[in-house]
Amino acid sequence: MTNWEKIVCGKNLESAKRLRKNPYIEEKNRKVALAELEEEGWEYIKDYANPKFVKVRKEKNFDEQFEDKVWLLFANMGFTHMNSDRNFRMSYYFPDPELTQQIDVFAVDKETIIFVECKSAEDVKNGVFKKELEALKGQMSGLRKTALKEFPNRKVKFIWAVENYIMSQADIKRMADFEIVFFSESTITYYSELVKHLGTAARYQLLGNLLANVEIKNMQNKIPAIKGTMGGHDYYEFSIEPEKLLKIGYVLHRSEANKNMMPTYQRIIKKKRLKEVKNFIDEGGYFPNSLIISIDTKGKDLQFDQSATKVEGALSKLGILHLPKKYHSAYIIDGQHRLYGYSDSIYAKSNTIPVVAFVNLDRSEQLKLFMDINENQKSVSKTLRVTLNRDMLWDSPNYNQRREALRSNIAQMCGEEQTSPLLGRIVIGEDEKNNKKCITIEAVQAALKKCHFFSTFGKNNEILTDGTFDLGTNENTSELFYPFLENCLKYIRDNCQIEWNLGESGVLTINRGIQAVIRIIDDIVCYLISVNKIMPKQNSMEYMLDEVEYYLLPLVTYINNLSDEQRKDLKGFLGGGADNKFWRSFQKVISDKNPEFKPEGLEEYIQNETKQYNSATREYLVYIEDSVKNIIARDLENYYGENWIIKGLPKSVYKQAKAEADERNYELLSKDEDADVDVWDCISLAECREISIYSKNWSEIFEEELTRPEETKITGGKEAKTEWLLTLSKEHNKLTKPAYSVPKNTFEMISSIYKWLSEK
């Protein structure tokens, strides 16, 4: 028999909610049994007034905590009748009422009855539920009848919720065939977050998902409206009670829960903003601007009864619009906060809100409209724009844009797939950063763009470079490449777990670290292809991973033995070169162990990073500065005579040099030393250039002396021909920084100038 006494509402539901929120089971027990209880995992809390008894507690098992989490989700959404504990059983076979099934979560509101079967594992594992799903399928009809007998005139839905289980495609298809709704961890997280922001109004979004296209009975759906045309689309303007729109409306939030409705585009509602809107409405405030929606009629024409009253010459038409009487039949493109602000308001039935309703806009058109609206309002974040571009460009006529969408898709999969080692670590949409979630989706996409995995195309979509994993279409390429990338990342994670879990404190699960790892995987693949070891479009995944992991092993060893100083050195490099420093450092580690692995540019990078040219460069710069100053002083004196330093220097340069000379002489005199610093001693290379450019007789005084032989015919006059002085001045400043290493090409340029001047 069904034990309906286990179904609670009102105050009893609130009491049940308090017990469900508590992660512990608490009991009153005999004090003499305390030692035995503690051995069983119970924890002493307090004594009772009766000295024979004590209060003890024990943490609930992981499966019970998961059931509580799901149960609380529905309770917080405002379902009014629910099972009080895990002991609720329901008859499913009328000829024999004694045949019952235990129900994990049973939730009822005015319109729906929800059954939830919860499956939880302590650690991530593969789930195979063929028998359990088939058993539930066999009971669903009986359970539905029993529930409707107690709670008539409601829709019934069955949900399969999992935690730490990777569901097989066969079981996912089986659920679809059995009309069982699948709730992954991401789906539960989405609705849990939505409840935090929306409270009981989150139920509308849930019902829109569960009951899409199901008829809403007793809904008055006729409203006065004006029909017009805009941008080639029909639209209707009308006013409607928020309560009605809340039922038929649906917001395409970017989340796992909505991924089967791609493209999606909306931000998750902000709790603070929603609270402000609610307070504003309850105080009598209103919003005169229209909500923008798209009515989805599944390809059918929307019924509009045109009025006999017409305005001569007017393009707009008056009439009565028949809205669809179905859940999830209107997508809210703009104005979700304004709409949900009415969800618990006394004005939900008595107010009306203005609406502009387009008809049957496809999702990509909705997305474009959303972005156009927000372009001049609150800006769409870079992270959200990357994910939106995935949907906008997936079928673009420009194949390079298609591959941009593919890279965005791969980056998002890395952050959302249940099997991904980066699950929950990538900032997607408008997620907030934290210690674990500190990798941006655009960083992953940028790394993929620098790799050779995907093809590039010319103006006419002809292939310029053939991607190593590119099978011609985004779909096929993604199916081939993503599992390979995921397994490579798993290898790094599984073998570098300490560093992997450091988040922002480490070098791996940050933007630069993950970008470097992805590019290293690309380097290894390109190398293995060049020596005919692998063919990604033909070889098995297992074979390729074995080959790639051999070259990743030195990197794993290096990461696991990083000293604090090495970690500080890697992370201390800032600016545009920081990404390259990580990448090249990882390349060098692998090359040191496997000398045959020599990615293009690595040798030059190593030369540039060893500081081998620093000492010689300093010596050359001292000589060059002395030589240049001697040349300029000599030529100015020959041209101007005794007062050359006044006549030949710009006033600002002279004043600054004299002030510096005076300061240095003062310091020397204060120490009883000879004060012999003159103005010319305080002239730098950069100021030498200013002096030469300042001269009105550049060609007569300096051109022959200061123009490098290889630059005699360059355009740009004296500014261009003295640019080398400014370059050397900047290099001199860089050498004051301890971490700086003179690049090889810069050293070669300075060497040539040194040679030129020394031969004068």
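Q: How much space lies in the largest cavity?
A: This is a predicted model, in which local features need pLDDT of at least 70, side-chain atom pairs count only at pLDDT 80 or more, and totals for chains, interfaces and linings use all residues. Residues are numbered from 1 along each chain as its sequence is written, and side-chain values use heavy atoms, with hydrogens and water left out. A cavity is a set of points, on a 1 Å grid over the protein atoms alone, where a 1.4 Å probe fits but cannot get out, and its lining residues have an atom within 4 Å of a point; grid points are joined across faces, edges and corners, and a volume is the space filled by probe spheres set on the points. By this rule there are two cavities of 30 Å³ or more, and the space in the largest is about 70 Å³.

Q: Which element gives the largest share of the lining of the largest cavity?
A: The lining includes Gln101, Phe115, Val116, Glu117 and Leu136, and by class it has seven nonpolar, two polar and one charged residues (Ala, Val, Leu, Ile, Met, Phe, Trp, Tyr, Cys and Pro count as nonpolar, Asp, Glu, Lys and Arg as charged, and the others, Gly among them, as polar). Helices (H or I, at least four residues) and strands (E, at least two) are DSSP runs, numbered from the N terminus. The largest share, three residues, comes from E9.

Q: How many charged residues are in the lining of the second largest cavity?
A: This cavity, with a volume of about 40 Å³, is lined by Lys450, Arg512, Gln515, Ala516, Arg519, Asp579 and Trp583. Helix H17 gives the largest share, four residues. By class, the lining holds two nonpolar residues and one polar residue, while the charged residues number four.

Q: Which residues touch the most other members of the largest nonpolar core?
A: A nonpolar core is a set of buried Ala, Val, Leu, Ile, Met, Phe, Trp, Tyr and Cys residues joined through side-chain atoms within 4.5 Å, where buried means under 20% relative accessible area (1.4 Å probe, protein chains only). The core has 66 residues, and those touching the most other members are Phe74, Phe238 and Leu245.

Q: Which strands are the edge strands of the open sheet of eight strands?
A: Two strands pair if DSSP finds at least two bridges between them, and the order here is E14-E18-E15-E19-E13-E12-E17-E16, with mixed pairing. The strands that pair on one side only are E14 (249–250) and E16 (304–306).

Terms used. Buried < 20%, exposed > 50% of the residue type's maximum accessible area, 1.4 Å probe, protein only. 1 Å grid on protein atoms, 1.4 Å probe; cavity = no way out; pocket = protein on both sides within 12 Å on 5 of 7 lines; lining within 4 Å.
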